[in-house]
Amino acid sequence: MSQDNDQATTTSPAAAEETINPWDLPIEQRPALFDPCAEIPIEAVEQGVGGPVEANELLSRHEPGGLMVCGWKSRSVHVNVLSTWKPREAYVSDPGFVVKELNKETSGRKSLLLAEKGDSSDSTCLQLFFTPAGTVWIKLDLVSALNEFSGKRFTKACDALDVAVLPIIPHLPLGDI
């Protein structure tokens, strides 16, 4: 075969189907949401927060197609990972959040950084990734009065989240949208 024939065989209609953005499909036709409880090992969370955590069953919810949440906690920090099909624009315009950074990049991944409105102690921070398996948010809550994280004092939860997300990101769905 010549090179021209090889190139012709690599551009098939099936290849064009792979470029469909799941966000453009009706909700009932989108792929399954990312399941953080099944995909993120507790060891990644522990590495991120610098110590042991336990699963927080009170924060875990599984509503396939609608919402998937998994939570872990320690004495000083709570980490929640949630997936949903709520789009970026809805978070940016949500009055319950304050946009900290519209185009944050961490480990080569594009994301949105938010804080909860009214969090005057800077103890909560959320980083959202928009993927082919839904919006995946990682939320960190510092629960100690001194905002300590991994033996260090931080004044803001977003500083702690910058560290905590690093071992978790490799477990998130690839393909930022």
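Where does aspartate 162 lie? Aspartate 162 is found in helix H6, helices (H or I, at least four residues) and strands (E, at least two) being DSSP runs numbered from the N terminus. The model is predicted, so local features need pLDDT of at least 70 and side-chain atom pairs count only at pLDDT 80 or more, while totals for chains, interfaces and linings use all residues. Residues are numbered from 1 along each chain as its sequence is written, and side-chain values use heavy atoms, with hydrogens and water left out.

Aspartate 162 counts as partly exposed because its relative accessibility is 31%; buried means under 20% relative accessible area, exposed over 50%, and partly exposed in between (1.4 Å probe, protein chains only). Its side chain makes a polar contact with that of lysine 104 at 3.2 Å. Such a contact is a pair of N or O atoms within 3.5 Å; within protein, one must be able to donate a hydrogen and the other to accept it, and residues adjacent in sequence count only if both atoms are side-chain atoms. A separation of 9.0 Å lies between the C-alpha atoms of aspartate 162 and glutamine 127, which are 35 residues apart along the chain.
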